[in-house]
Amino acid sequence: MCFQMPESLTGYIFPWHKLVVACSPGEMKQEINGKKETVKGFNVKLQDTILFPEGGGQPDDHGLIGDVPVLRVTRQGAEAVHFVSSALEVGQEVQLKVDWERRFDHMQQHSGQHLITAIAESMFGYKTTSWELGRQRSTIELDTPSMKPAQMEALEAAVNEKIRAHVPVAVQVLSLDDPALEQVRSRGLPDDAAGPIRIIDIEGVDVNMCCGTHVSNLSHLQVIKLLGTEKGKKNKTNLLFLVGNRVLKYAEKSYSTERSLVSLLKTGPDYHVDTVDKIQKTVKGLQKSNLGLLRDVAVLIETLVFLTVGEEKGPGLFLLAGPSGKVSELGPRVLEMLQGKGAGKNGRFQGKVNSMARRGEVETLIQEHCKNEQ
């Protein structure tokens, strides 16, 4: 499917009328609040459809049959099966509408993948072994163990140059025995492929078998952004990319984050990296200081602290603090030696005394006790 689309990116388009030829009970797995749940509904087949069934790395279209939302479209042989929540009467004529915003997003990502794949192979000899159109970003699996940053920069410049050149994208339909198929790039046909073969021709760039939806000119892609690479399976590299409106949304989100950082860091965007680096170094220093303090506290936890307030041989106050067991054992003896009244709990024993005359003896008692405990 390769359409010249209107500029609007909202709502539903293509109101087509088709007959319902089959409707039977069915179910599908759907992610609800992060969990896979089984949803019951109906599988509907139509005389024809404008809704793309998932396949070839591209998700399916969503839309409406009448006023009933289409939750999924899958392919069974040469037929498309529409999963809906309400039953439809066989033989009735229904109006189909496609969710244009979702459709155009998929068109941009899929045509962008064809372009990136073709240029990556022509520039570096890296073949595409698979790809995935994700909800947030898309991935191309390249048959190479790594891709250098300079190569990725050159690739991004090359694909965006083709977009600015307004290169046409056309559809050809060839029979299975057409010799022209030998010149077409392909990873092979599905086992249940039927009928003629659909070819997507990016003029002067790539000719490839594909059943997916595409733009009719590379200028409709707007822009391509390569986000980076990740290590793939079996000595391959995953190239992450965004196309068109996804790039604009990415830029808007990045700008919003930048403004938040300006407010938090109190510096302009050009200084964010240096500022965060300084903060990280400060945090490491504080962590080191905290570790030292924790060690000191650990020592103090095992230490008895004896504090007094008052005249040398007159009345006063005292506090004995430290491990609960030691304080409970020594507290009453200190109270007796200083002729006072008091009580204690949870590692603290305090009281009021009549005379501090034997304060030195108390200190000796505590020191000897600590030595004996070591």
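The structure is a predicted model, in which local features need pLDDT of at least 70 and side-chain atom pairs count only at pLDDT 80 or more, while totals for chains, interfaces and linings use all residues. Residues are numbered from 1 along each chain as its sequence is written, and side-chain values use heavy atoms, with hydrogens and water left out.

The protein contains 6 helices and 17 strands. Both are DSSP runs numbered from the N terminus (helices: H or I, at least four residues; strands: E, at least two). Of the 374 residues, 38% are buried. Buried means under 20% relative accessible area, exposed over 50% and partly exposed in between, with a 1.4 Å probe and protein chains only. Among contacts (heavy atoms within 4.5 Å) with a separation of 6 or more, 61% join residues 24 or more positions apart.

Helix α2 covers residues 149-164. Its 16 residues should span 22 Å at 1.5 Å a residue, and the end C-alpha atoms lie 23 Å apart, which agrees. The expected span is 1.5 Å times one less than the number of residues. Buried positions in α2 are Gln-151, Met-152, Leu-155, Glu-156, Ala-158, Val-159, Asn-160 and Ile-163. These buried residues pack against α1, β12 (224-231) and β13 (237-243). An α-helix has 3.6 residues a turn, so residues three or four places apart point the same way. Just after α2, His-166 adopts a positive phi of about 55°.

Helix α1 (residues 100-124) also meets helix α3 (residues 245-265). Their axes come within 9 Å and cross at roughly 100°. The two helices are therefore roughly perpendicular. Axes are lines fitted to C-alpha atoms, for helices over the stretch in contact, and angles run from 0 to 180 degrees between N-to-C directions. Angles of 65 to 115 degrees count as roughly perpendicular, under 35 as roughly parallel, over 145 as roughly antiparallel and the rest as oblique. From α1, the contact uses Glu-101, Phe-104, Asp-105, Gln-108 and Gln-109; from α3, Asn-245, Arg-246 and Lys-249. These residues divide into 1 nonpolar, 3 polar and 4 charged. Ala, Val, Leu, Ile, Met, Phe, Trp, Tyr, Cys and Pro count as nonpolar, Asp, Glu, Lys and Arg as charged, and the others, Gly among them, as polar.

An open sheet of 3 strands runs in the order β9-β10-β11, with antiparallel pairing. Strands pair if DSSP finds at least two bridges between them. Strands β9 (169-174) and β11 (206-209) stand at the edges with a single partner strand each, so one side of each lacks a neighbour in the sheet. Neighbouring strands are turned by 25° against each other on average, direction ignored. Strand β10 (residues 197-202) is joined to β11 by 4 bridges. Ile-202 has Asp-206 of β11 as its bridge partner.
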